[in-house]
Amino acid sequence: MEKKIRVTLNKTAINILESDIKSFKITKNFIINYIFSILKDQKIETIYPEEEEKGVIQFNLNKSNREIYYDILSEQNIQVEAEFIRRMIYKYINQSKSSRELFLYQEIVQRIKYAIKNKKIIKISFDDNRKTSILPFFIGSSKLELGNYIFCYDILEEKYKNYKLSNVKSIFITQEKREWENIDFINNVIKNFDPFLSQGKKIKAILTEEGKKILSTIALNRPETISATGNIFEFKCSEQQAKRYFSYFLDEIEILEPLSLREWFIEKYKSALKRYSI
């Protein structure tokens, strides 16, 4: 028999839940049942600050939670069901997004950490059905704490890469071990973690005055500035990061180096011009 629960939350909490549901490709029922299953035995005193504007969410307990639900209420002497659930949800949403991601993916995270400690090779599958084998070194978050990445050596591609944790579908820890090579490089990446692996890579560009304003305004994926002389800037930045960040700038930037990146932007602008040609 279904057990429906209705909970009143402030709009901030509802917006965060909806954002996580979209970002992590899960359902409302899954996320709240998961929060309940992990936090049900904890004593939660602090409640997320209330706001005047509120909304209501409704979900169904899954079978495993439904079987223990009333025992939990009785054991903890819960008088108001909705308040019990609300406290757990507020504890969840009162974390950074990267922390919430680690919470939701904690089983996979624990297994990856085991593989890191024991230098095991992992077979990994992604949401888009891609598969590869990796030697993992570290799980790090972006500077703005918006997501987590697995820093690893991709065995098939034979290169160091960062993979988004939220794109991981499943992992399998093999019995194969491999010693870490390029220890200084690995330790430097871990110490100064960067999702785009920009260590030792540079981009040179000319920015207009408007481009400088955009640079100071948009923080997401912004590369570190190495030097700025007049309108000429050098950034610590990989090509992957530059493609993602500087695409916002349109004609307010001219990429000078590396030439491969300059050619990429030229081809993109040529393609865009064809689309807009009358």
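This is a predicted model: local features need pLDDT of at least 70, side-chain atom pairs count only at pLDDT 80 or more; totals for chains, interfaces and linings use all residues.
Trainee: How many aromatic pairs does a search of the whole structure find?
Mentor: A pair of aromatic rings is described by the distance of the centres and the angle of the planes. When the whole structure is searched, the number of aromatic pairs found is 24.

Trainee: Is the pair of F126 and Y163 stacked, edge-to-face or tilted?
Mentor: The ring centres of F126 and Y163 lie 4.9 Å from each other, with 45° between the planes. Stacked pairs have planes under 30 degrees apart and edge-to-face pairs over 60, so the pair of F126 and Y163 is tilted.

Trainee: Which strands does this pair link?
Mentor: The pair joins distant parts of the chain, since F126 and Y163 are 37 residues apart. F126 belongs to residues 120–126 and Y163 to residues 159–164, which are strand 3 and strand 6.

Trainee: Is F126 buried or exposed, and what about Y163?
Mentor: Buried means under 20% relative accessible area. F126 has 2% relative accessibility and Y163 has 6%, so F126 counts as buried and Y163 is likewise buried.

Trainee: What is the angle between the planes of F233 and F235?
Mentor: Both F233 and F235 are buried. Their rings form a stacked pair, 5.8 Å centre to centre, and the angle between the planes is 10°.

Trainee: Which residue lies over the face of W180?
Mentor: W180 belongs to one aromatic cluster, whose members include F137, Y153 and F185. Over the face of W180, at 5.6 Å from the ring centre, lies K119.

Trainee: Over which ring does the charged end of K97 sit?
Mentor: The charged end of K97 is placed 5.9 Å from the centre of a ring.

Key: Residues are numbered from 1 along each chain as its sequence is written. Side-chain values use heavy atoms; hydrogens and water are left out. Rings of Phe, Tyr and Trp (its six-membered ring) pair if their centres lie within 6.5 Å; planes under 30 degrees apart count as stacked, over 60 as edge-to-face and the rest as tilted. Helices (H or I, at least four residues) and strands (E, at least two) are DSSP runs, numbered from the N terminus. Buried means under 20% relative accessible area, exposed over 50%, partly exposed in between (1.4 Å probe, protein chains only). A charge sits over a ring if NZ of Lys or CZ of Arg is within 6 Å of the ring centre and within 35 degrees of the ring normal.
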